[in-house]
Amino acid sequence: MLTDDVKVVAWRRGLGTEQHPLELMPPALIALSKADILPAVIINGEVKFTLEVPSEDDLRDAIHRPEKFPDILGSLHGL
């Protein structure tokens with residue numbers, strides 16, 4: 001039987017790397033924070049959702065079927 005491990009790391013605005021000293025802050029998170037595009041969900045380095053918390057079904061799909069939710073970071077640069 002195949003199992004999926006999912007690790008969730010919540011980064012809070014303004015607390016920097018001190019909040020998770022053993023985790024590397026994703027580069028996409030820095031760009032999103034500077035552009036004031038938070039909250040955001042980053043999965044395997046790709047920005048999947050921004051400004052709203054996704055539904056549980058959408059989050060599950062983004063984890064198991066990442067092609068269904070392409071990385072949207074490039075499309076956010078104009079915002």
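Reader: Where does E18 lie relative to α1?

Author: In this predicted model, E18 is placed in the segment before α1.

Reader: Why is E18 called exposed?

Author: The relative accessible area of E18 is 63%, and the word exposed is kept for values over 50%, so E18 counts as exposed. The C-alpha atoms of E18 and V8, which are 10 residues apart along the chain, are separated by 17 Å.

Reader: What makes up the secondary structure of the protein, and in what order do the elements run?

Author: The protein has three helices and two strands, and read from the N terminus these elements follow the order α-β-β-α-α. Along the principal axes, the C-alpha atoms of the protein fill a box of roughly 40 × 30 × 20 Å.

Reader: What makes β1 and β2 a pair of strands, and what kind of turn links them?

Author: Strands count as paired when at least two bridges are found between them, and four bridges join β1, residues 40-43, to β2, with the strands running antiparallel. Among the facing residues, I42 stands opposite V47, and V41 has F49 as its bridge partner. The two strands form a hairpin with two residues between them, and N44 in that turn has a positive phi of about 50 degrees.

Reader: How do you know whether K48 is buried or exposed?

Author: K48 belongs to strand β2, which covers residues 46-50. Its relative accessible area is 4%, and buried means under 20%, so K48 is buried.

Reader: Why is T50 called buried, and which residues does T50 contact?

Author: T50 is another residue of strand β2, and with a relative accessible area of 17% against a limit of under 20%, T50 is classed as buried. Apart from neighbours within four places in sequence, T50 is in contact with L32, I37, P39, A40, I72 and L76.

Reader: What makes β2 as a whole largely enclosed?

Author: Four of the five residues of β2 are buried, and therefore this strand is largely enclosed by the rest of the structure. For the protein as a whole, 19% of the 79 residues count as buried.

Reader: What is found at L51, and why is L51 called partly exposed?

Author: L51 has its place in the loop between β2 and α2, the helix of residues 56-64. The relative accessibility of L51 is 49%, and since buried means under 20% and exposed means over 50%, with partly exposed in between, L51 counts as partly exposed. Although L51 is not a glycine, this residue has a positive phi of about 65 degrees.

Reader: Why does D36 count as exposed, and what is its phi?

Author: D36 has a relative accessibility of 51%, and the word exposed applies over 50%, so D36 falls in that class. D36 is found in the loop between α1 and β1, and its phi is positive, about 60 degrees, although D36 is not a glycine.

Reader: What kind of peptide bond joins L38 and P39, and where does P39 lie?

Author: The bond between L38 and P39 is a cis peptide bond, with omega about 5 degrees. P39 lies in the loop between α1, residues 27-34, and β1.

Reader: What can be said of the contacts, the surface and the charges of the protein?

Author: Among contacts between residues at least 6 apart in sequence, 21% join residues at least 24 apart. The protein exposes about 6100 Å², and carbon and sulfur atoms supply 56% of this area. There are 8 positive and 13 negative charges, and the mean positions of the two sets are 3 Å apart.

Technical notes: Residues are numbered from 1 along each chain as its sequence is written. This is a predicted model: local features need pLDDT of at least 70, side-chain atom pairs count only at pLDDT 80 or more; totals for chains, interfaces and linings use all residues. Side-chain values use heavy atoms; hydrogens and water are left out. Buried means under 20% relative accessible area, exposed over 50%, partly exposed in between (1.4 Å probe, protein chains only). Contact means heavy atoms within 4.5 Å. Accessible areas come from the Shrake-Rupley method with a 1.4 Å probe; for residues, only the protein chains shown count as cover. Lys and Arg count as positive and Asp and Glu as negative; His and the chain ends are not counted. The place of a charge is taken as NZ of Lys, CZ of Arg, CG of Asp or CD of Glu.
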